[in-house]
Amino acid sequence: MSVFSIWKRTLTVENTVVEGVRFDENEQCVIVSVRSDARRRQRCGRCRRPAPWYDAGRGRRRWRDLDHGAVRVFLEADAPRVECRIHGPAVVAVPWARHCAGHTLAFDAQTAWMAAECSKSATATLMRTSWRTVGCIVERFVADRDRAVDRLNGLCRIGIDEISHRKGQKYMTVVVDHDTAKVVWMADGHGKDILHRFFDVLGAQRAAHLTHISADGAGWIADVLALRAPSAARVMDPFHVVAWATGALDAERRASWNRARHGHEGRETARALKDSRFALWKNEADLTDRQMAKLAWIQATDPRLHRAWRLKEALRMVFTLARARPTAALRALNRWIGWARRCRIPAFVDLQRKVVRHYDAIWAALNTGMSNGLIESTNTKTRLIIRRGFGFHTADAIIALVMLTLAGDKPTLPGRQPTTE
Ligand SMILES: [Zn+2]
């Protein structure tokens, strides 16, 4: 086997001829000269159809490939332009890289795998590239992969959620398949128009097959759903109901703190109340010893705030209970409503009214078993990935990172078989 053949094998390129290999002393990297084989030459880079010669373009170009050992490797080739019937003058297609990409397919694949599996800094450091470039690579990798599949086929039970990014100023809309826990659609922005856009992509026929749609309680969502998927039951997203309860508890904690500050309890109590946020927020089972002690202290000094905490925990428990015993959960919900109505804590009396207003949708959540932790865990994962995507140049790159990780088919390393999970 000649040296060139060995290089061709290690580069994992197809339909490519290796013409030469040299070491660039200035750049301290390996340059491999390549060209497309005869059958692949003179094809449009955008549609890959054969096209007549146009001009020499901007001469020879380089594509960054995976490192060999500890040394950077570049492929180098002519990049003339062809005149495509559809796209006009376009740079020729090359078998080793995506159109207009400065990296090879193998480089893209490994970067995508790293972005899905490793930390931001590990990815950028190992690939010797910026996190922004990682964003561009992920975007084109996912665009390419997603052209082959239609993720909206066969949907029955979906969840619609709005997740904030850029510190809560902007929102993204995420649609999740509850039966597979996969993200199936995502868009930058939120509101009526975005939701209509989802149903436009889905089409009336597939919308008719939807049986359950979970979402938060916003009135406009109900309006759009009634119009576009009238046969589907609207289900309240348990995640949001628990978030309402946490919000009500926080309002009550602030009220207690203000009372303590201005009353005779003094500053010490006020400060302790201010520090109690996490103890009050966390699920009871996850509390640390110190947080348990804090709650015991609240119970002794501020029975009203402690009652508010118990109301929050009880509402959360309704949804936990629903995973195993939906009927018991329905009874528990009714008892909770009665309790909250008489609790004389304004924030929870209001919450009780809100729960009654959305009773049917909450009832559906408990009854269909859609209140399982799956929704919440997909939700949490999506939020984490969106936060990782900060530093990408566009919202589309952030969306691509979410789809790369949560749409189901995770990337594989170049030259390896996908592993079965
Ligand atoms: Zn073309």
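Student: Which is L155, buried or exposed?
Tutor: This is a predicted model, in which local features need pLDDT of at least 70, side-chain atom pairs count only at pLDDT 80 or more, and totals for chains, interfaces and linings use all residues. Residues are numbered from 1 along each chain as its sequence is written. A residue is buried if 20 or more other C-beta atoms (placed from the backbone) lie within 10 Å of its own, exposed if 12 or fewer, and partly exposed in between. L155 has 22 other C-beta atoms within 10 Å, so L155 is buried.

Student: Where is L155 found?
Tutor: Helices (H or I, at least four residues) and strands (E, at least two) are DSSP runs, numbered from the N terminus. L155 is found in the loop between helix 4 (131-146) and strand 8.

Student: Which residues does L155 touch, not counting residues up to four places away in sequence?
Tutor: Two residues are in contact if their C-beta atoms, placed from the backbone, lie within 7 Å. Leaving out residues up to four places away in sequence, L155 touches D177, V184, R206, H209 and L210.

Student: What distance separates the C-alpha atoms of L155 and A407?
Tutor: Along the chain, L155 and A407 are 252 residues apart.

Student: Which residues of helix 5 are buried?
Tutor: Helix 5 covers residues 192-202. What covers its buried residues includes strand 8 (157-165), strand 9 (170-177), strand 10 (182-188), helix 6 (204-207) and helix 7 (219-228). The buried residues themselves are L195, F198 and L202.

Student: Why are they on the same side of helix 5?
Tutor: An α-helix has 3.6 residues a turn, so residues three or four places apart point the same way. The buried residues of helix 5 are L195, F198 and L202. They lie on the same side of helix 5 because, taking the directions from the helix axis to the C-beta atoms, they cover an arc of only 50 degrees.

Student: Which exposed residues does the face of helix 5 turned away from its buried side carry?
Tutor: Just after helix 5 comes G203, with a positive phi of about 85 degrees. On the helix itself, the face turned away from the buried side carries the exposed residues K192, D193 and D200.

Student: At what angle do the axes of helix 2 and helix 17 cross?
Tutor: Two packed helices are described by the angle between their axes and the distance between the axes. Here the axes are lines fitted to C-alpha atoms over the stretch in contact, and angles run from 0 to 180 degrees between N-to-C directions. The axes of helix 2 (residues 105-117) and helix 17 (residues 395-406) come within 9 Å and cross at roughly 80 degrees.

Student: What does that make helix 2 relative to helix 17?
Tutor: Angles under 35 degrees count as roughly parallel, over 145 as roughly antiparallel, 65 to 115 as roughly perpendicular and the rest as oblique. With axes crossing at roughly 80 degrees, helix 2 is to helix 17 roughly perpendicular.

Student: Which residues of helix 2 and helix 17 make the contact?
Tutor: The residues of this contact divide into five nonpolar, one polar and no charged. Ala, Val, Leu, Ile, Met, Phe, Trp, Tyr, Cys and Pro count as nonpolar, Asp, Glu, Lys and Arg as charged, and the others, Gly among them, as polar. Helix 2 brings A112, A115 and A116, and helix 17 brings L401, L404 and T405.

Student: Which residues is G389 in contact with, leaving aside its neighbours within four places in sequence?
Tutor: G389 sits in the loop between helix 16 (373-388) and helix 17. It counts as buried, with 24 C-beta neighbours inside 10 Å. Apart from neighbours within four places in sequence, its contacts are A397, I398 and L401.

Student: What is the phi of C100?
Tutor: C100 is found in the loop between strand 7 (88-91) and helix 2. With 10 C-beta neighbours inside 10 Å, it counts as exposed. Its phi is positive, in a residue other than glycine, and is near 65 degrees.
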